[in-house]
Amino acid sequence: MGIVWCSSLNNSNSKVYSIFTLGVKELSLLSMMIALCVVSRSFFQFIVNVQPVTAILLIITIYWGVYQGLIVSVLSILITNFYMGMGIWTVAQIVTYFLIIFLTGLLKKLPAFKNSILVQAIYAGITGLLFGLFISAIQAPFFGISAFLPYYLAGVPTDVMHAVGNVAFYLLLTPILRKLLTQTIQRWRRASSK
């Protein structure tokens, strides 16, 4: 059921079974996007919560597809957390990105959202705030429900930094990545229609 829904949110008209068969071209582009997320997360780790990963994942989801956004998010988090540190937060990060990517998949069906980089940038800022809320809510059962509110409130300043960083990175990266993704996908479609 989730796979069918995920397929319906993709930009392609491919059938459900094709989700499981990634071609070499798609794997290459996915690998580049994962590498971009891993390197950028590592490079900006000295600034708490100000990293371009969320912005990159939003761009991938909006201009390529939900499925691709999910793949890049999971692998990016796992790879970077292997050397930054694994813990319960890894699960919380993956689930949080799933929620944000699914929400983005729903919003990208709205023309007002899909056609406005400004609206998308504002949404990128909102996802920075949502990220902190989701992380706190997902980890609350492990640390005690009573600890949720203090834990969440303590993280609000870094959530605001995340939001501001997301807007800045989104506005900087969208022109480049949107062009890369849309031109590559159009080239694939032209080649497959011949």
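Guide: Rings of Phe, Tyr and Trp (its six-membered ring) pair if their centres lie within 6.5 Å, and planes under 30 degrees apart count as stacked, over 60 as edge-to-face and the rest as tilted. This is a predicted model, in which local features need pLDDT of at least 70 and side-chain atom pairs count only at pLDDT 80 or more, while totals for chains, interfaces and linings use all residues. Residues are numbered from 1 along each chain as its sequence is written, and side-chain values use heavy atoms, with hydrogens and water left out.

Visitor: Which residues do ring pairs link into a cluster?

Guide: A pair of aromatic rings is described by the distance of the centres and the angle of the planes. The structure holds seven aromatic pairs. Ring pairs join three residues into a cluster, namely F43, F44 and F169.

Visitor: What kind of pair do the rings of Y97 and F131 form?

Guide: The ring centres of Y97 and F131 lie 5.1 Å apart. Their planes stand at 50°, so the pair is tilted.

Visitor: How many residues apart are Y97 and F131?

Guide: Y97 belongs to helix α5 (residues 88-107) and F131 to helix α7 (residues 117-143), helices being DSSP runs of H or I with at least four residues, numbered from the N terminus. The pair therefore links distant parts of the chain, its partners being separated by 34 residues.

Visitor: Is F131 buried or exposed?

Guide: Buried means under 20% relative accessible area, exposed over 50%, and partly exposed in between, with a 1.4 Å probe and protein chains only. F131 has a relative accessibility of 9%, so F131 counts as buried.

Key:
Helices (H or I, at least four residues) and strands (E, at least two) are DSSP runs, numbered from the N terminus.
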